[in-house]
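Colleague: I have a model open and want to learn how to read it. Can you take me through the features one by one?

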Amino acid sequence: PSPMPIKNTFPSPGDTDLQFLLVGGDLLKVRSSSWKKTRFYKLQEDCQTMWHESKKTFKFNQTFSIKDISAVRAGRQSEGLRKNTEEPVEGRCFSIIFKGRRKNLDLMASSEEEAKQWVTSLEKIMSNMENLNSQQKTEHWIFNCLRKADKNSDNKLSLEELKDFLHQINIEVDDQYAEKLFQECDQSKCGHLAGDEIEHFYSLLTHRQEIDTIYGEYAKTTGFMSAENLLEFLIKEQREEATLADAHRLINKYELDDKAKEKQLMTQDGFLMYLHMPEGLVLNPTHKAVHQDMSQPMNHYFISSSHNTYLMEDQLKGPSSTEAYARALIKGCRCVELDCWDGSDGEPVIYHGYTLTSKILFKDTIKAIKEYAFKTSDYPVILSLENHCSVEQQRVMAQHMSSILGSALLTSPLGDQMPTDFPSPEELKGRFLVKGKRLTKLEACFGPEETAGDDGSLTEEEEDDKEEEEEEKKKEGKKLKLAKELSDMVIYCKSVHFNGFQDAKDNLGFYEMSSFKERKAMALAEESANSYIRHNVDKLSRIYPSGTRTDSSNYNPVPLWNAGCQIVSLNFQTSCNDMDVNQGRFLTNGKTGYILKPAYMRDLGSEFDPITLTAGPWLQHKTLHLMIISAQQLPKVNQKKTSIVDALVKVEIHGVPADTADKETPYIGNNGFNPMWNENFKFDVYVPELALVRFVVEDHDSVTDNDFVGQFTVPFTSLQMGYRQVPLLNKEGDPLPSAGLFVHIMIMDA
C-alpha cells in the first residue's frame, strides 16, 4: 500500500467515471482539416494529470493538469471543430478549454457514447478538484512532488530523494538541515523513509510556527480552543461582530477531528482550515455575492469593458477569434467591441482594419456572445459596434443580431413613453444593448418618423482620431451611410462626437454618449475632473486605448474611474498590472461586471475632485496598518531545476493621487515554501471608496527586473481585519492552487 500521507480526496476506486479515465483510450486530436491524429489519453494515478501517448513514438508525455482546465464543451462548439469537422460528427466531438492563453484541445471520440463518457468523467474530476479545500490541495501538491522525487518508485525516500523533493517544493536547504530532518524522521535507522516516517516528515514540513503562536494564545481549554475561546479570537483579533453561535458554526464546519467536534473544541488543524476558508480570507465573504443596490440607472455603475475583444494577441498580425469573446465574457466583461467590415459572399467579418489580423464571421461572433454572455453574470451586455460596413452588409448584421439574439436584444426603450434616464442593470438582466450610430433621436420611437440627425458618417474611434488620420479618410473616399435596420437597434447607447462638457449638457440626450481616446480622457480627468464627474452623472463615457498600442498593452484605468467614467475599456487579452487592478475592481458584487459608484459620483451637484481633494463626504481618512507575516508554497517562476524563489512582497494602493503608494519587504533568499517576513507597513487612505489594495509577490533578481510570482487585488472597503490569508492569482488572473500570503490587517479612523 502507498505510504504517502494523503487522504484520498477523490471518488472511490470503484467509481466508474474515475476508472474510465485511469484506463484511458484513443481520441482523434484535431488541429486542422488535414491534421487529425490518434492519441492515447489517460489520467495518471495522482488523479490530476492527463498524459498522452503518440502512436508514432510510443512515448508518454504529460499534457496538462486537471486544474488547468477551464471547461469541457461537448459537440462542435469550438472555432477549430466547427471549421475542421463536418456536422454529422457533432456528437463524437468535444473540446477541452484551458485557463490562460493555452490553445483549446479539440478531440473526436470513436462514438457518441464514448464522447459523452469523456465529457462526464472530466467534468466530475474537475468538480472534485474544485471542491478540495486548501489543506487537501496542499496535500495533493505535496503528494505529487513526493511521487516525482521517488525516482525508483519503491515508495521509500532516500536522503538524495528527500533533497530532490525539497527542491521540487521550492525550498533550498543546506545539506546539514536536510540530513537533520532525515535523521529525525528515520526512526527505523535503515537509511530511507517509509510509511509513518514520511507522515512524520510531512507534518514537520507543513508545521507553521506563526499559527502555533496565534493558536497557543487562544487555546485555553485543555490545550484546545473552545467555542468561547474562538469567539474571543473573532472579536479581539478579527474585529468581527461575532456571536457564540458563529463560533459553534465554524467548529462544526471546519473541525476535522470528530472527537474534538463532539466536545465543541477546535484543534490547531481545524483552526488552520478556518483560516483558509472564505471566513478567514482577506476578502469580506459578504462582498463575494451581489451586495450592492442594482436598481440605480445603469450609468451609475463602473462597467467591466473590453477593447478589440476579438483579438487573442497583438493588433497588427495576431489572430482574431470567437474564443476571445468567450474568455472576456467568462471573466465578467459586460461591454465587448465588434470591429465590423464587409466580407466576401455578403457576410460581414470582424477584424482589426488595415492590418494582418485574421478575420472571423460576424454571425459566428454573435453566436459565441449569446452562448457565453450570461455564464458568469446575469447583468446586461453592451455590444459596442465599430461599423465600417456597407449599407447592404449592415442589414445583414441587423438580421443576424435579430435572429440569433431574439427577444434578449433590446430594440425599443422600456416602458411606453420617452425615458428621461437609463434603466437599471436589474431591469436589463439577460438583455443585449447595441452601442453605435443612430439616424434619429430616441424620441422618434414615440412619434412620427424623422430623418434629421446623425447620418452615422464615421465610426466613433475614427471620428475621435480624425485629426491624426486625415490620410486614412482620403483612402476611404466616401462617408459611410447607416442602414435604418441597424440604426433602430441603438436605444440607450447612441454614439456621438464630444464637443465639450457644456455642449453635452445643453444639447445631448442622456442616451447620447461619447468615446474618448485614453490620452484625451486622461487630460480631461486631470484638468477638469469635477466637470467630468458631473458629465458622467447623467451620461455614459467610454474610454479606449490609444491606437499606438499595437502590442495590445494597456493604460491605468484608475484615474478614469476617479473621474466617474463607466466604460473604461482594456485589452483583456493582455496580462498586466492594469488588468490585475481591473480584475480587483470587479472582484466583488458577485463578479457581475457592475460596481455601484460612490454616492458623491452620482450627484449632479457633486463638488468632488480627486485631484484637489477638498473637504466633503468622500474624505474618510483611514490608516491601514498591515503586517506581512509569511507566504506558503510560492511556485517556481524559472523552471530550471536549480532555481528557488527569492521572495519579496510589494503592497500597492491604487486610488486618488493622494492615496497612491507602494511599499515592499526585503527579499528572503532561497525559500518559496514558507518564507517569513513579519514586516509592518502603514498607509494613509483618504478616499477609501475608490481605493484598491494590491498584494504582489515577486522573485528578487539583483541583475534584471524581478520576476512576477502572483498577486491579489481587493477593494479597500472589502478588506477583512485581523489575521487573514491572501490567495494568489497568476499573471492570467487564475488562482495559484496552494500559494498564499498570511497577513495581519488593522484599519483605524485617522
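**Reading helix contacts and beyond**

Modeller: Start with a helix pair: Ala-227, Glu-228, Leu-230, Leu-231 and Leu-234 in α9 meet Leu-244, Ala-247, His-248, Leu-250 and Ile-251 in α10. Contact means heavy atoms within 4.5 Å. Helices (H or I, at least four residues) and strands (E, at least two) are DSSP runs, numbered from the N terminus. This is a predicted model, in which local features need pLDDT of at least 70, side-chain atom pairs count only at pLDDT 80 or more, and totals for chains, interfaces and linings use all residues. Residues are numbered from 1 along each chain as its sequence is written, and side-chain values use heavy atoms, with hydrogens and water left out.

Colleague: By class, which residues make up the contact of α9 with α10?

Modeller: Sort the residues first. Ala, Val, Leu, Ile, Met, Phe, Trp, Tyr, Cys and Pro count as nonpolar; Asp, Glu, Lys and Arg as charged; the others, Gly among them, as polar. The contact of α9 with α10 has 8 nonpolar, 1 polar and 1 charged residues.

Colleague: At what angle do α9 and α10 pack?

Modeller: Axes are lines fitted to C-alpha atoms, for helices over the stretch in contact, and angles run from 0 to 180 degrees between N-to-C directions. Helix α9 (residues 227-236) and helix α10 (residues 244-254) pack at about 110°, their axes 8 Å apart. That makes α9 roughly perpendicular to α10. The classes are: under 35 degrees roughly parallel, over 145 roughly antiparallel, 65 to 115 roughly perpendicular, the rest oblique.

Colleague: And how far apart are the axes of α8 and α12?

Modeller: They lie 11 Å apart, with helix α8 (residues 209-218) and helix α12 (residues 268-276) packing at an angle of about 110°. So α8 and α12 are roughly perpendicular to each other. Ile-211, Asp-212, Ile-214 and Tyr-215 in α8 meet Gln-268, Phe-271, Leu-272 and Leu-275 in α12. By class, that contact has 6 nonpolar, 1 polar and 1 charged residues.

Colleague: How many residues of α23 are buried?

Modeller: Helix α23 (residues 577-585) is mostly covered, with 7 of its 9 residues buried. The buried ones are Asp-578, Met-579, Asp-580, Val-581, Asn-582, Gly-584 and Arg-585. Across the protein, buried residues make up 56% of the 750 residues.

Colleague: Where is Gln-632?

Modeller: Gln-632 sits in strand β23. At 6% relative accessibility, Gln-632 counts as buried.

Colleague: Which loop holds Gln-620?

Modeller: The loop between β22 (594-596) and β23 (622-632). Gln-620 is partly exposed at 31% relative accessibility. Its C-alpha atom is separated by 7.8 Å from that of Asp-749, 129 residues apart along the chain. Beyond four places in sequence, Gln-620 touches Val-685, Tyr-686, Pro-688 and Glu-689.

Colleague: Is Ser-528 buried, partly exposed or exposed?

Modeller: Ser-528 is partly exposed, with a relative accessible area of 24%. Ser-528 lies in the loop between α20 (518-527) and α21 (529-538). The C-alpha atoms of Ser-528 and Phe-501 are separated by 9.6 Å.

Colleague: What about backbone angles?

Modeller: Look at phi in residues other than glycine. Asp-345 is not a glycine, yet has a positive phi of about 55°. Asp-345 lies in the loop between β13 (335-341) and β14 (349-350), and is exposed, with a relative accessible area of 77%. Ser-552 also has a positive phi, near 65°. Ser-552 lies in the loop between β20 (541-544) and α22 (558-562), and counts as buried at 0% relative accessibility.

Colleague: What is the mean pLDDT of the protein?

Modeller: pLDDT is the predictor's confidence in each residue, from 0 to 100. The mean is 88, and 88% of the residues reach 70 or more. Over residues 452-456 the pLDDT is below 50. It also stays under 50 over residues 466-478, for which the model has 7 contacts beyond four places in sequence. Where pLDDT is low, the predicted coordinates should not be read in detail.

Terms used:
Buried < 20%, exposed > 50% of the residue type's maximum accessible area, 1.4 Å probe, protein only.
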